[in-house]
Amino acid sequence: MKSFYAFLKKALGAERHLPRGEYQRRLLDYAETGQRLFVQRFLIYGIAILLAGAYYSWPLAAVFICLVVLCETYDFFVARRIRVQNVWTAKAIRSALFKLFLGTVISGITISLFAISFAMQQSPESGHFMPMFMLVSASIFATMHNHQFLSLLATRLLIYVAAIIYIPVHDLVITSAPLGSEIWLHFFTVVFVLGFLVELARNFVSSYSDALKNLMDLEAKHEQVKMAYQAKTEFVGTVSHELRTPLTSIKGALDLMNSGVLGDVPEKMQSPIKIAQRNAIRLSAMVEDLLLLQRIDAGRLDFTFERVELNTFLQDVVDRFLPFADYKGVTVRKTVAEEDFFVDCDEKRIEQVISNLLSNAAKFSESGGKITVGLERFGNYARISVADEGIGIPKDTGDRIFEAFNQLDTSASRKFEGTGLGLNISRKIVEAHDGLLSYGSELGKGTTFFVDLPIHHDGVVS
């Protein structure tokens, strides 16, 4: 019991110093729980009172039915007022707590008086099973569902405990029963049950407090992660912007040197200049990808949607890709679709997606490999497929392939260049078109990527 008092004192002291946000959370939780259990409480109390009326006194039952209706109606409207409250000032919190405290006292006294009144209709030797069961059940119900505020729970339990003790003590006083009688046994049983209720209340309140503390810790860590992510995004954006200008100058200077405009380049310098030019192009592409990814994540990437016929569009994309395919030593073939597919899309962005898939297919294919671009109906979607005969993707990769900066963790793939941003950006672009980017693959036999876009029918997108 001493440990319980220590716990009670500590918990009540902590409750008085809760931050405003925590008060708001607990008030909303209390109100939502109260409204959710409104019908359940009313039925339990109503049935118990009706049974007492049928066996003992209808007039008394009618009085308590009216009191219970008034109490539950009051609690319902207080809970609803809390749930619609928008601004939680210190005054609003105090007002809500006072209303809850008032409702707790009134309803607790009403239930206790009901149990005592009907216990007085019974003989002391009966044990008062129904009134006692009613009070103990109400105590357990309150402990399970009203533990958000220990002060309110303690108030309600004190009222119930007083009623529980009063009934057997009243029997002992009016009967002057000897210690060996069953009336004393009833009293000791009540004391035992009260100990159980106290321990139950302590466990529920302690568990609830621990759960709230863990939730607050998670929210604090979530905020830290959000701040770190924002700082990372801003840092990447700043660095990318700072790199963009000097890279453009370096790339332009290398292009001029390589073109011969500035004079003939000595033979010994040609190879290093070409390597530098190639790396400058790679760095410039990486910076552009980083800036694009930042704009997408920040929701600042604008799309210009137009009606596009995919057969013609894909053939144009493939034709523009052929020089790179020849450089990589692979062939590209587009299969002819049986019907025309019209979609609403940003043509430039979807071309970026298809070009990235073609580039990956060429990059991971052996010299002499074949890439097939297909177009077919897939339910209400037009499905664009890009299939290669390359190294494939391990089965356990899953959606990790679409994560930013992800690279396939196989020895064969490490020799291939890339930042791991292309597929991440491509999926986000496709999803912005209400589409889906997916893939199927078999290690060592090739990979097929699928771009599904909603088909446009007579002015309505499917």
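Modeller: The face of α3 turned away from its buried side carries V39, I47 and Y55, which are exposed (over 50% relative accessible area, 1.4 Å probe, protein chains only). This is a predicted model, where local features need pLDDT of at least 70, side-chain atom pairs count only at pLDDT 80 or more, and totals for chains, interfaces and linings use all residues. Numbering runs from 1 along each chain as its sequence is written, and side-chain values use heavy atoms, without hydrogens or water.

Colleague: How do you know that the span of α3 agrees with its 18 residues?

Modeller: A helix here is a DSSP run of H or I, at least four residues, and its expected span is 1.5 Å times one less than its number of residues. For residues 38-55 that gives 26 Å, and the end C-alpha atoms are 26 Å apart, so the two agree.

Colleague: How many cavities of 30 Å³ or more turn up?

Modeller: One, in a search of the whole structure. A cavity is a set of points on a 1 Å grid over the protein atoms alone where a 1.4 Å probe fits but cannot get out. The largest cavity has a volume of about 300 Å³, taken as the space filled by probe spheres set on the points. Its lining gets six residues from α5, the largest share.

Terms used
Helices (H or I, at least four residues) and strands (E, at least two) are DSSP runs, numbered from the N terminus. Buried means under 20% relative accessible area, exposed over 50%, partly exposed in between (1.4 Å probe, protein chains only). On a 1 Å grid over the protein atoms alone, a cavity is a set of points where a 1.4 Å probe fits but cannot get out, and a pocket is an open set with protein on both sides within 12 Å along at least five of seven lines; lining residues have an atom within 4 Å of a point.
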